[in-house]
Amino acid sequence: MVFNLSEQNSIANQFILELRDKKIQQDRMRFRKNMERLGEIMAYEVSKKLSYTTCIVETPLGKSRINVLKQNPILITILRAGLPYFQGFINFFDQSESGFVGAYRRESLHEVNIKLDYISTPYVDAREVIMVDPMLATGKSLMDSVKQLLKRGTPSHLHIVSLVAAPEGIKFLAQHISVPYSLWTCAIDEHLNEQFYIVPGLGDAGDLSYGPK
Ligand code: URA
């Protein structure tokens, strides 16, 4: 399944517009804030598909039943572009264990090579895992990160959450991921350009958040 947030009319579309707008996106603080706000909205959407259990809470006046998360999902993000979006997730899943993967792209004329240089994740076996990576372009960095993650156990379900996804990346994941997963995104765009950037996309999410490398 692919969940696409912008198929529904909501205030989220204003945040997506501001991330894409080449003038508004120059305000780095606003860019990160909009990423974080969309992270919160997507965390809420994903939360509807997690496992719940009923608990009873004692109020000053009586007892109330409510369904709560069985277990906190594990959150994983890819540095550095994932950080502001991830912040939105951890704002809501505020007791979750978190993992981080450092990945960078090496572009050559006809291909993009991904180097992973840092991995720190909890054990994920039989756990619900949410992997947060805002720009799903070729899907290679995400796939390499998933491979590393699977060395730390097999999740009961893997939720992959992007913000803007290219059809090429969606297809690549469908062809290569071997465990049950769901893909969540705020928008599906047209295609990748020669530098493997998403068109129309929004540009380089890491540079827009933190400045050029
Ligand atoms: N990473 C980005 O930041 N932007 C893209 O368009 C693709 C990958």
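## How much of the chain is buried

Buried residues make up 35% of the 213 residues in this chain. Here a residue is buried if 20 or more other C-beta atoms lie within 10 Å of its own, exposed if 12 or fewer do, and partly exposed in between, with the C-beta atoms placed from the backbone. The structure is a predicted model, in which local features need a pLDDT of at least 70 and side-chain atom pairs count only at pLDDT 80 or more, while totals for chains, interfaces and linings use all residues. Residues are numbered from 1 along each chain as its sequence is written.

How confident is the predictor? The score called pLDDT is its confidence in each residue, from 0 to 100. The chain averages a pLDDT of 95, and 99% of the residues score at least 70. For the complex, the predictor gives an ipTM of 0.96 and a pTM of 0.95.

## Overall build

The chain has 6 helices and 14 strands. Its radius of gyration is 18 Å, close to the 17 Å that the globule rule gives for 213 residues, so the chain is as compact as a globular protein of that length. The radius is taken over C-alpha atoms, and the globule rule is 2.2 Å times the number of residues to the power 0.38. Helices (H or I, at least four residues) and strands (E, at least two) are DSSP runs, numbered from the N terminus.

Taken along the principal axes, the C-alpha atoms fill a box of roughly 65 × 40 × 30 Å. Of the contacts in the chain with a separation of 6 or more, 65% are between residues 24 or more positions apart. Two residues are in contact if their C-beta atoms, placed from the backbone, lie within 7 Å.

## A hairpin in the open

Strand β2 (residues 52–59) and strand β3 (residues 62–69) run antiparallel and are joined by 8 bridges. Strands pair if DSSP finds at least two bridges between them. A hairpin of 2 residues links β2 to β3. Within this pair, T53 stands opposite V68 in β3, and V57 has S64 in β3 as its bridge partner.

Strand β2 is hardly covered, with 0 buried residues among its 8. The number buried in β3 is also 0 of 8 residues, so β3 lies largely in the open.

Which order do the strands of the open sheet take? The 3 strands follow the order β8-β10-β12, with parallel pairing. At the edges stand β8 (135–136) and β12 (187–188), each with a single partner strand, so one side of each is left without a neighbour in the sheet.

Strand β10 (residues 164–165) pairs with β12 in the parallel sense over 2 bridges. One link to look for is V164, whose bridge partner in β12 is A187.

## Around the ligand

The residues around the ligand are A81, M135, A137, Y197, I198, G201, D204, A205 and G206.

Most residues other than glycine have a negative phi, and most peptide bonds are trans. Where are the cis peptide bonds described here? One runs from L79 to R80, with omega near 0°, and R80 lies in the loop between β4 (74–79) and α3 (83–92). Another runs from V199 to P200, again with omega near 0°, and P200 is found in the loop between β14 (198–199) and α6 (205–210).

A126 has a positive phi, near 60°, without being a glycine. A126 sits in the loop between β6 (112–120) and β7 (128–132), and is exposed, with 11 other C-beta atoms within 10 Å. F196 is not a glycine either, yet its phi is positive at about 65°. F196 lies in the loop between β13 (191–192) and β14, and is partly exposed, with 16 other C-beta atoms within 10 Å.

## A look at I119

I119 belongs to strand β6. With 16 C-beta neighbours inside 10 Å, I119 counts as partly exposed. Leaving aside neighbours within four places in sequence, I119 is in contact with V101 and Q148. I119 and H159 are 40 residues apart in sequence and 19 Å apart in space, C-alpha to C-alpha.

Notes:
A residue is near a molecule or strand if its C-beta atom, placed from the backbone, lies within 6 Å of it. pLDDT is the predictor's confidence in each residue, from 0 to 100.
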